[in-house]
Amino acid sequence: MSDFDAAGLGEWPALGYSAFRLDRASDRRARMPEFLADPRARACLIAGETVVLAKAGEGAQRALMPFAEAVALGGRTGEACLLGLDGEVPHIVLPLHAAAVAVLAEREELLLTDLRSIAVQGLVPPDELAELACGKAMLSWHARRSFCSNCGTKLEVGEAGWRRECPHCGAQHFPRTDPVVIMLTIDGDNCLLGRSARFAPGMWSCLAGFVEPGETFEEAARRETLEEAGIRTGAARYLCSQPWPFPMSVMIGFHLQAASRDIRIDDVELEGARWFHRDEARLLLTRTHPEGLVAPPPMAIAHHLLRAFVEGRDPPAG
Ligand SMILES: [Zn+2]
């Protein structure tokens with residue numbers, strides 16, 4: 001064993017953004033006008049990176065509010081997206097004009113913050129966090145897809161926000177999700193972590209990168225590890241995935257078997273990469289490392305990939 005104290009990890013934490021419980025109702029999206037008029041409808045409000053939360057007393061916040069209230073606060077119904085149905089109750093995301101943010105920030109009954117902070121600090125219940133992740137990804141897509149990429153005509157919104165349609169050439173455009181592989185490379189009792197200059201001080205995490213056309217997820221994981229850290233890898237084992245609405249990705253998590261050990265970093269992508277012994281990695285997770293080094297927070301998939309290695313078991317099925 002190493003010199004590091006073994007610290008308890010406790011119960012396995014929830015993966016952020018992943019507790020989506022609504023019926024996506026993809027076969028009922030044509031009923032959107034009816035859903036928008038339903039007095040039971042609930043809505044969340046998002047302006048770019050900013051989410052509007054309603055204070056609910058005792059330090060609690062809720063992302064979902066009565067639909068009429070969200071409209072009164074400035075939610076734009078013309079660009080509404082149906083998140084899904086909770087039983088028969090429609091849940092909807094409404095975009096908010098950026099100019100409204102400063103005004104609403106003055107309101108005492110509201111809390112305006114970003115989705116990462118909401119996840120890290122656990123500001124809303126997990127199912128609402130997942131709905132916000134879906135809503136933010138959908139609105140990000142709409143914000144980037146106003147015009148037809150086929151002919152340049154302004155697009156119309158259809159299917160309760162789940163499609164954009166071109167009135168000129170008939171092309172249909174669907175929300176996209178960009179796959180990102182995230183991987184922990186393992187060599188016996190050691191694992192490979194990297195540091196990007198944009199990370200918080202002291203934080204080390206798994207390597208990650210976008211999947212390229214013509215690649216399997218496993219190939220992308222091996223390529224990124226070789227490009228960023230100069231480490232060759234063999235077997236890839238899938239563990240779990242996480243919606244990552246920054247702006248609209250899904251993270252696909254792997255453990256990779258190391259086939260080489262000498263690190264050579266790509267200093268554009270990383271400012272450091274190094275091997276961590278399992279016992280030291282545990283201290284990153286518990287935030288008790290003597291040098292103040294830390295792993296990403298429990299809501300992040302990187303935390304789960306690292307914990308799976310430290311504990312020698314897979315994350316609970318998501
Ligand atoms: Zn077109």
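Modeller: Helices (H or I, at least four residues) and strands (E, at least two) are DSSP runs, numbered from the N terminus. Histidine 255, for one, is found in strand β15. What you're looking at is a predicted model, where local features need pLDDT of at least 70, side-chain atom pairs count only at pLDDT 80 or more, and totals for chains, interfaces and linings use all residues. Residues are numbered from 1 along each chain as its sequence is written, and side-chain values use heavy atoms, with hydrogens and water left out.

Colleague: Let's stay with histidine 255, then. Is histidine 255 buried or exposed?

Modeller: Buried means under 20% relative accessible area, exposed over 50%, and partly exposed in between (1.4 Å probe, protein chains only). Histidine 255 has 10% relative accessibility, so it counts as buried.

Colleague: And which residues is histidine 255 in contact with?

Modeller: Contact means heavy atoms within 4.5 Å. Skipping neighbours within four places in sequence, the contacts of histidine 255 include Leu184, Ile186, Ala235, Leu305, Ala308 and Phe309. There's a polar contact too (a pair of N or O atoms within 3.5 Å, one able to donate a hydrogen and the other to accept it): a polar side-chain atom of histidine 255 sits 2.8 Å from the backbone oxygen of leucine 305.

Colleague: What does UniProt list for residues 175–301?

Modeller: An unreviewed UniProt entry gives "domain: Nudix hydrolase" there; such annotations may be inferred rather than shown by experiment. In the model, the chain over residues 175–301 is 18% helix and 38% strand, with its end C-alpha atoms 23 Å apart.

Colleague: On to the metal. Which residues coordinate the zinc ion?

Modeller: Donors are N, O and S atoms within 2.8 Å of the metal (3.2 Å for Na, K and Ca). Here they're the SG atoms of Cys148, Cys151, Cys166 and Cys169, at 2.3 to 2.4 Å. The donor residues follow a C-x2-C-x14-C-x2-C spacing. Cysteine 166 is buried at 6% relative accessibility, while cysteine 169, at 33%, is partly exposed.

Colleague: In what order do the three strands of the open sheet come?

Modeller: Strands pair if DSSP finds at least two bridges between them. The order is β8-β9-β10, with antiparallel pairing. β8 (156–158) and β10 (172–173) are the edge strands, each with a single partner, so one side of each has no neighbour in the sheet. Three bridges join β8 to β9 (residues 163–165), and glycine 158 stands opposite arginine 163.
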